[in-house]
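Good morning, everyone. Please have a look at the slide.

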Amino acid sequence: MLQFWLEFALVLGAILIGIRRGGVALGMIGGFGVAVLTFGFHTAPSEPPITVMLIILAVVTASATLQVAGGLDYLVQRTERLLRAHPHRVTLLAPLSTFLLTVCVGTGHACYSLLPVIADVALKTRIRPERPMAISSVAAQMGITASPVAAAVTTFLALSAKTQYHIGLFDIIKVTLPAGLIGMLVAALWSINRGKELDEDPVFLDRLKDPKFRAALDESVTTLDKVLPKTAKLSVFLFFGGIGTVVLIALFPALLPVFDGQPMPMTTVVQVVMLAFGTFILFATNVKSADIARSSVFTAGMIAVVSIFGIAWMSDTFVTGNKIYLIGEIKAMVAYAPWTFALAMFAVSAFVKSQAATLTIMIPFGLALGLPVPLLLGLMPSSYAYFFFAFYPSDLAAINMDRTGTTCIGKYLLNHSFMIPGMIGVGVSTTVSYFLSLLFF
């Protein structure tokens, strides 16, 4: 028992230190944790999450190529036109836009270009910017578990493929997409009347006393004046072609090639198809490969790969090495109330700033406890909780881009703008997802 608690302290300490360091440090320190577990405690190392990492590499490379070709900017401009055409509905349309943008491109980082536009539309309409801004940041991350090309979804697909219960890509999306939409819309409806009206907000009124601030309010923030390359539309068409191909094959397994009597795994299909369509975009738009490697989407994706490599490997080594003890201590509680596993997943995600990493850590743990794969699918939306401390880049970006100061972190740290929309969105989507998994499986 002493060794278990020492190893647990090591794993928890490595995660906390990695989070404080940020970036690839989380993965590097996780790798150090594996070294201590194996050489220091003689715990056999588990298999590193190679399949998960390769899927993320393939999808991120295709998404980064789309970004460099101007496709991501094209999607943002189309979204801005929608918001400016219906400014009084920005609190509903903005989070719906960021959610669907993430579903389309597989990363919540796509919302950064849209956040200043949302703030500007709200300000020009004299709607309290906190209302659309907070839920838009949350909705962008909620869309991850509903995207067929997101790292979290492909991670679950890869992990479930190792079990006897077959869960396909379409099986995941038909649960998480409607659940995410419903959760997001409920949180957006709550946000419509949150806080004081902008012209009654004391923080905003105090800032209005500054002439420079009043002058800054007249400055318009837009992406519509950005000239896009002629190949932007083509890159979007090709990227969606890749997503459509993956979904089509998932819907019709007969299309899968067969080798040695076994159909090609969907995890491999995602890698092959997205790399292929990334190549189509590369040659059709004639973008430079060096620009792809320097893009923000590629950088964020590589950080995710390194983080998952180290931290998930360390966590899985710990769980595998202590499986008997963990099952004996926790299985009774989880068997009595299986939904409580969602609370554990939520707690881990609050510190690990990646839904894919959270799932890579927790799904093997859930399987070790004997939880059925459909149940774990139903609890999948609870893997998003990093809004809890409001330290995620999209949350910080929303705060900085709201010139009125209504989107903020409160005096007591946890009373920030994202807490209630996040709790409503994740709570509702997890509940809906749980019941949908029971209905379908």
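What follows is a short account of the overall chain and of some helix contacts.

A word on sources: this is a predicted model, in which local features need pLDDT of at least 70 and side-chain atom pairs count only at pLDDT 80 or more, while totals for chains, interfaces and linings use all residues. Residues are numbered from 1 along each chain as its sequence is written, and side-chain values use heavy atoms, with hydrogens and water left out.

The whole chain comes first. There are 21 helices and two strands in it; these are DSSP runs numbered from the N terminus, with helices being H or I of at least four residues and strands E of at least two. The radius of gyration of the chain is 22 Å, close to the 22 Å that the globule rule gives for 441 residues, so the chain is as compact as a globular protein of that length. That radius is taken over C-alpha atoms, and the rule is 2.2 Å times the number of residues to the power 0.38. Of the 441 residues, 54% are buried, meaning under 20% relative accessible area with a 1.4 Å probe, protein chains only.

Now to helix H9, residues 169-191. How does H9 pack with helix H5, residues 90-105? The angle is about 155°, and the axes are 9 Å apart. Axes here are lines fitted to C-alpha atoms, for helices over the stretch in contact, and angles run from 0 to 180 degrees between N-to-C directions. That makes H5 roughly antiparallel to H9, the word for angles over 145 degrees. On the H5 side, the residues that meet H9 include Leu92, Leu96 and Phe99. The residues of this contact divide into 10 nonpolar, three polar and no charged. Nonpolar covers Ala, Val, Leu, Ile, Met, Phe, Trp, Tyr, Cys and Pro; charged covers Asp, Glu, Lys and Arg; the others, Gly among them, are polar.

H9 also packs with helix H21, residues 419-440, at about 150° and with axes 7 Å apart. H9 and H21 are therefore roughly antiparallel to each other. Among the H9 residues that meet H21 are Lys174, Gly183 and Trp190. This contact divides into 14 nonpolar, seven polar and one charged.

Last, helix H20, residues 393-401: which of its residues are buried? They are Ser394, Asp395, Ala397, Ala398 and Ile399. The buried residues of H20 pack against helices H6 and H7, where contact means heavy atoms within 4.5 Å.

Note on methods: Parallel < 35°, antiparallel > 145°, perpendicular 65-115°, else oblique. Buried < 20%, exposed > 50% of the residue type's maximum accessible area, 1.4 Å probe, protein only.
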